[in-house]
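Hello,

Here is the structure I promised to hand over. Please open it first, then read my notes below.

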Amino acid sequence: MLSADFGRLWAAQAVSQVAAKSGLLVLPLLAVLLLDASPGEVGLVNAAQYAPVFVVTLLAGAWLDGRARRPAMLAAHLGRALLLGLAAVMVLADAVHVWLLAAIALQVGCLTALADVAAHTYLPTLVPAASLPAANSRLEATYSVTQIAAPGLGGIAVGAVGGSTLLASLGATYAVAAACLYRIRQPEPPAGPTRGAGALRRIHEGARFTAGSPPLRSLMVQAAWFNLFEQVILTVYLVHAVRFLHFSPGLLGVTVALGAVGAVCGSALARRIERRVGIRGTLVRGMAVASAAPLAIPLTALPTPVAAALCTVTFLAFGFGLTVFNVYSVSLRQRLAPDHLLGRVTATFRFVTFGTIWIGALVGGVAAELLGTRPAIVLAAAALLLGWVHFAIVTRRVEPTLWTVGERLECAS
């Protein structure tokens, strides 16, 4: 039975993820609608949201090991609330431009990187080890639903209430998340001692453990490859849907948001799939569905209702497969890493896997300008399938007993 304090953390994560994932579409969409941004400029704003992973994530992991995680999450929530409130004022005053949007996106991204590492390392201090898969199933369902639905809802809201009101609402949402987190009653246990005299040495210990674990290494490489080409597709899809399929912001939002149904189904069925085919089989099958789904997007040279339906089905399948994969990917990482390294292992994982997203955003913008939107999506979708084939082959070589969410493995570091 998961505690009421986990429920408060879950609520805080759900609310903050709605704001974070909505912002991923809202800021570049505002660049398209308000500033008539080119695909390259849209890619720049998108990349700015993810670029902080390269700078902040590893430092955050080293800093958080040996420190309380909840205060860091509170500060990140409140900081993002202030930044988005400032952005709302600038949009209302008609004082915004592409570079300003990119700067705000960069600062919000820094705080998001800190909050994400803190959240993943805080959970095992709040939930017993035996309950981690159940807790992660709920959280990953929330992450997947918000990852898919929140950007779509953001697109709908841009058309309904306008940019300044929406940005102010997102800022208020972060304040609500901070309030939920503040209400957690269970004291955070004292952090264990860190090993290593300096930040660079501590970062190296986390990277060495992650790279030395065959399951974690294979998951990290696959997630990095997937995120790279997924972001190419999402960046190009934004331009493709608005300018070539003639979707309104609301219709664009609907096609993405309804994919959240797939994420809910993935969360509900992940443990049932695992009981039938094992953890490795679940990971491979989930990634197969998520990687194959975007192949339908290039077929959308059809009348708008048919194109919208096809895109919606695409995101349904995408959400299902990605959630099934993420439930056990995160659980394995939290259980295989010893507590004194968990922050750094999480930071290493997110540094590599999220670090490819900003590259994908830039590549997507350039590819759309050079090749056109449809060819760019076709090539990126083909790359996703190639990555899945490699993942399926590599994971067959990993010792079967390592695919477990049993007790944490200790390591010498």
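A residue counts as buried when its relative accessible area is under 20%. By that cut-off, 58% of the 413 residues of the protein chain are buried. Please keep in mind that this is a predicted model.

**Confidence**

The mean pLDDT of the protein chain is 81. Of its residues, 89% reach 70 or more. Among the elements, helix α14 (residues 373-396) has the highest mean pLDDT, at 92. Helix α6 (residues 132-161) has the lowest, at 70. Over residues 406-413 the pLDDT is below 50. That stretch still has 23 contacts in the model beyond near neighbours in sequence. Where pLDDT is low, the predicted coordinates should not be read in detail.

**Overall make-up**

The protein chain has 14 helices and 0 strands. Take the contacts between residues at least 6 apart in sequence: 89% of them join residues at least 24 apart.

**Helix pairs**

Two packed helices are described by the angle between their axes and the distance between the axes.

Start with α1 and α2. Their axes are 9 Å apart, and the packing angle is about 155°. That makes α1 roughly antiparallel to α2. The crossing of α1 and α2 is right-handed. On the α1 side, the contact uses Gly23, Leu24, Leu27, Pro28, Ala31 and Val32. On the α2 side, Val42, Val45, Asn46, Gln49 and Tyr50 meet them. By class, this contact of α1 with α2 has 8 nonpolar residues, 3 polar ones and no charged ones.

Leu24 sits in helix α1 (residues 4-35). Which residues does Leu24 touch, not counting those up to four places away in sequence? They are Asn46, Gln49 and Tyr50. Leu24 and Tyr50 are 26 residues apart in sequence. In space, their C-alpha atoms are 9.3 Å apart.

Next come helix α2 (residues 39-50) and helix α5 (residues 98-126). They pack at an angle of about 20°, with their axes 7 Å apart. α2 and α5 are therefore roughly parallel to each other. The crossing of α2 and α5 is right-handed. From α2, the contact draws on Glu41, Leu44, Val45, Ala48 and Gln49. From α5, the residues are Val98, Trp99, Leu101, Ala102, Ala105, Leu106 and Gly109. The residues of this contact of α2 with α5 divide into 9 nonpolar, 2 polar and 1 charged.

The crossing of α11 and α12 is right-handed. Their contact has 21 nonpolar, 9 polar and 2 charged residues.

**Single residues**

Thr210 is in helix α8 (residues 199-212). Is Thr210 buried or exposed? Thr210 counts as buried, because its relative accessibility is 0%. Not counting residues up to four places away in sequence, Thr210 touches Leu216, Arg217, Met220, Val345 and Thr348.

Arg69 is in the loop between α3 (52-64) and α4 (70-92). Arg69 counts as buried, because its relative accessibility is 6%. Leaving aside neighbours within four places in sequence, Arg69 is in contact with Leu64, Ala118, Thr121, Tyr122, Thr125 and Glu188.

Ala175 lies in helix α7 (residues 163-182). At 34% relative accessibility, Ala175 counts as partly exposed. Ala175 and His77 are 98 residues apart along the chain. Their C-alpha atoms are separated by 6.4 Å.

His246 lies in the loop between α9 (214-244) and α10 (249-257). With a relative accessible area of 61%, His246 is exposed. Phi of His246 is near 60°, a positive value in a residue other than glycine.

**Where to look**

Begin with Leu24 and its contacts with Asn46, Gln49 and Tyr50. Then turn to Thr210, which is buried. Finish at His246, which is exposed.

Best wishes

Notes. Residues numbered from 1 in each chain as written. Predicted model: local features only at pLDDT ≥ 70, side-chain atom pairs only at ≥ 80, totals over all residues. Heavy atoms only, no water. pLDDT = per-residue confidence, 0-100. Helix = DSSP H or I, 4+ residues; strand = E, 2+ residues; numbered from the N terminus. Contact = heavy atoms within 4.5 Å. Left-handed = near helix turned anticlockwise from the far one by under 90°. Nonpolar A, V, L, I, M, F, W, Y, C, P; charged D, E, K, R; others polar. Buried < 20%, exposed > 50% of the residue type's maximum accessible area, 1.4 Å probe, protein only. Axes fitted to C-alpha atoms, helices over the stretch in contact; angles between N-to-C directions. Parallel < 35°, antiparallel > 145°, perpendicular 65-115°, else oblique.
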